[in-house]
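Me: I should like to learn how to read this chain from its computed features. Please give the general idea each time, and then the case at hand.

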Amino acid sequence: MREKFNGHSSQTRAVPVCFGTLPKRARIAAMEGKCRLSRSALAQMLKSAREDSMHESCGLVAGRDGLITNLFAARNALASATAYEIAPPELFTLIREIRAQNLELLGIYHSHPNTENIPSSMDIERAYYPDAAYFIISPKPDAPKPVRAFRIREGNVTELIIEEVG
Ligand SMILES: [Zn+2]
């Protein structure tokens with residue numbers, strides 16, 4: 001995973017924009033993989049999405065040995081309810097911070113304030129990190145699954161089973 005997110009700025013791409021368009025649902029495969037997440041990381045994700053339900057909130061998730069324990073909140077450079085982008089300078093800073101803490105970047109999270117929390121067409125198109133877990137959060141109190149995680153590889157979406165640890 002670490003190599004995929006190497007710190008050479010020329011190779012680090014901006015995190016995707018999501019326009020909240022209707023997702024291509026047929027491309028979401030059944031749950032296969034799992035991702036492990038600490039209870040506090042899960043709670044922080046929800047908190048971040050609910051604190052600002054007017055805009056998509058976003059950030060990176062990191063941990064060790066595949067267990068996600070830390071959230072690194074980012075500013076949504078687009079300040080939009082239907083799209084997000086982490087500006088490259090902030091992305092580099094966060095990646096450096098993750099390394100400084102001896103953690104590995106394991107995924108990216110963002111919220112869908114007004115639409116179902118599944119990948120939008122743009123989320124799928126701009127999923128540049130095939131090994132990342134893409135978390136999508138719904139701030140809505142009636143969301144059946146407020147936090148969902150997906151693997152997005154070459155246009156194929158697989159939902160991941162979230163295993164809450166600790
Ligand atoms: Zn999205």
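This is a predicted model: local features need pLDDT of at least 70, side-chain atom pairs count only at pLDDT 80 or more; totals for chains, interfaces and linings use all residues.

**The hairpins**

Reply: In the hairpin formed by S7 and S8, two residues lie between the strands, and Glu154 has a positive phi near 45°. Helices (H or I, at least four residues) and strands (E, at least two) are DSSP runs numbered from the N terminus, and two strands pair if DSSP finds at least two bridges between them. S7 and S8 (residues 156-165) are antiparallel partners over five bridges, with Ala149 opposite Leu160 in S8. A hairpin with two residues between its strands is also formed by S3 and S4, where Asp65 in the turn has a positive phi of about 50°.

Me: What is the mean pLDDT of the chain?

Reply: The pLDDT is the predictor's confidence in each residue, from 0 to 100. Its mean over the chain is 84, and 81% of the residues reach 70 or more. Residues 1-11 have pLDDT below 50, and this stretch has 13 contacts in the model beyond near neighbours in sequence; two residues are in contact if their C-beta atoms, placed from the backbone, lie within 7 Å. Residues 19-29 are also below 50, with 28 contacts in the model beyond near neighbours in sequence.

Me: How many helices and strands are in the chain?

Reply: The chain has three helices and eight strands, and their order along the sequence is β-β-α-β-β-α-β-α-β-β-β. Of the contacts between residues at least 6 apart in sequence, 75% join residues at least 24 apart.

Me: Which strands does S3 pair with, and in what sense?

Reply: Strand S3 (residues 58-64) pairs with S5 in the antiparallel sense over six bridges, and seven bridges join S3 to S4, again antiparallel. Cys58 illustrates both pairings: it stands opposite His110 in S5, and its bridge partner in S4 is Ala74. Strand S4 (residues 67-74) is also joined by two bridges to strand S2 (residues 34-38), and these two run parallel; there, Arg36 has Leu67 as its bridge partner.

Me: How does the pairing run from S5 to S7?

Reply: S5 and S6 are parallel partners over five bridges, with Ile108 opposite Tyr134 in S6. Four bridges then join S6 to S7 in the antiparallel sense, and Ile137 stands opposite Val147 in S7.

Me: Why is S5 described as largely enclosed by the rest of the structure?

Reply: A residue is buried if 20 or more other C-beta atoms lie within 10 Å of its own, exposed if 12 or fewer, and partly exposed in between, with C-beta atoms placed from the backbone. Seven of the eight residues of S5 (residues 104-111) are buried, so the rest of the structure largely encloses this strand. The description also applies to S7, because six of its seven residues are buried. Over the chain of 166 residues, 40% are buried.

Me: How should I read helix H1?

Reply: The expected span of a helix is 1.5 Å times one less than its number of residues. For the 13 residues of H1 this gives 18 Å, in agreement with the 18 Å between its end C-alpha atoms. Ala41, Met45, Ser48 and Ala49 are buried in H1. They cover an arc of only 95° around the axis, which puts them on the same side of H1; the arc is that of the directions from the helix axis to the C-beta atoms. Arg39, Ser40 and Glu51 are exposed on the other side. The cover over the buried residues of H1 includes S2, S3, S4, S5, S6 and S7.

Me: Where does the largest nonpolar core draw its residues from?

Reply: In soluble globular proteins, nonpolar side chains tend to be buried together. A nonpolar core is a set of buried Ala, Val, Leu, Ile, Met, Phe, Trp, Tyr and Cys residues joined through C-beta atoms within 7 Å. The largest here has 38 residues, and those with the most contacts inside it are Met45, Leu60, Val61, Ala62, Ala133, Tyr134 and Phe135. Strand S6 (residues 133-137) gives the most to this core, with five residues. Beyond its neighbours within four places in sequence, Phe135 is in contact with Met45, Val61, Gly107, Tyr109, Val147 and Ala149.

Terms used:
Residues are numbered from 1 along each chain as its sequence is written.
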